[in-house]
Amino acid sequence: MIKADFHTHTTYCDGKNTPREMVEAAYRMGFTDFGLSGHADFSNVEPGFGMSDQALAAYQREISLLREEYAGKMNLYIGIELDCLGPVQRAEYAIGSTHCLEKDGEFVIVDDTEEKLVSAVQRLWKEDWYAFAKDYYELEATVFDRTGCDWVGHFDLLTKWNEGFRHFDETKDEYREPALAAMRKLNDAGLPFEINTGAISRGYRKEPYPSRFLLKELHAMGGRIMINSDSHNVNTIGFQFDQARKLAAECGFTRLTVLKPGGGFREVEMDEA
């Protein structure tokens, strides 16, 4: 049986707990495979955010020592979360994400606060949420080209503040067509997509990313999935993975993609994870 979570954060970026605290908590919870994936340097957009090259080197050293300590007990992996508009730094694996757009010379972070995003869409997209979504997915479609990532993180992050479709209707073609175009391109590149429960644990959504509709379309494309928590503290590691597996099964998936020690992926049956 594999119990795995590969998208987590620590005090090296915006997490609340140290790598040791996160690893110890995952081990107590019975995880067999656990990855830490600190945010890459994003100071070009948010000064001081993410790991500088010096911090990244210290992060890798600390997790390497923890891996030696936990050898034979739990497989540890050293990852990084890269952004479309940020620099490319290297670790053992990389999650490719789009947290930010550039519009008319201004950076717009899609998951900072609802108020900031609403204001940006009003000013820069003339209140046209579908034009904003089109720009988002056109950038998201380039995440592999820009970062060389190993899988796609929270594909539809722009919907973080759209619970109940309060800003735009995710059933409309104006939204779905650019989303599916981006998904097809990334899936054709061979990338798995993560089912990410982070917005549920923080109270912003009732279901994980990607949406049920997008997951069904991904399955129809022959795509692959992972399940990750995007945890920023010890209390949300593996958050609602049972719900995520249930959703995946309802969308047609029977297998999960997980990392394997030494590099690369392996596929496991859903009931083995």
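## The nonpolar core

A nonpolar core is a set of buried Ala, Val, Leu, Ile, Met, Phe, Trp, Tyr and Cys residues joined through side-chain atoms within 4.5 Å, where buried means under 20% relative accessible area, found with a 1.4 Å probe on protein chains only. This is a predicted model, in which local features need pLDDT of at least 70 and side-chain atom pairs count only at pLDDT 80 or more, while totals for chains, interfaces and linings use all residues. Residues are numbered from 1 along each chain as its sequence is written, and side-chain values use heavy atoms, with hydrogens and water left out.

The largest nonpolar core has 87 residues, and those with the most contacts inside it are Phe 6, Phe 34, Phe 132, Tyr 137 and Phe 155. Helix α4 (residues 129-140) gives the most to this core, with seven residues; helices here are DSSP runs of H or I with at least four residues, numbered from the N terminus. Leaving out residues up to four places away in sequence, Tyr 137 touches several residues, including Phe 155, Tyr 175 and Leu 214, a contact being heavy atoms within 4.5 Å.

## Asn 187 in helix α6

Asn 187 lies in helix α6 (residues 173-188) and is buried, with a relative accessible area of 13%. Beyond its neighbours within four places in sequence, Asn 187 is in contact with Phe 193, Leu 218, Met 221, Gly 222, Gly 223 and Arg 224.

## Cysteines without disulfides

The whole structure contains zero disulfides, a disulfide being a pair of cysteine sulfur atoms within 2.5 Å. Cys 13 is buried at 18% relative accessibility, and because its sulfur is 17 Å from the closest cysteine sulfur, in Cys 100, the two are too far apart for a bond.

Terms used: Helix = DSSP H or I, 4+ residues; strand = E, 2+ residues; numbered from the N terminus. Buried < 20%, exposed > 50% of the residue type's maximum accessible area, 1.4 Å probe, protein only.
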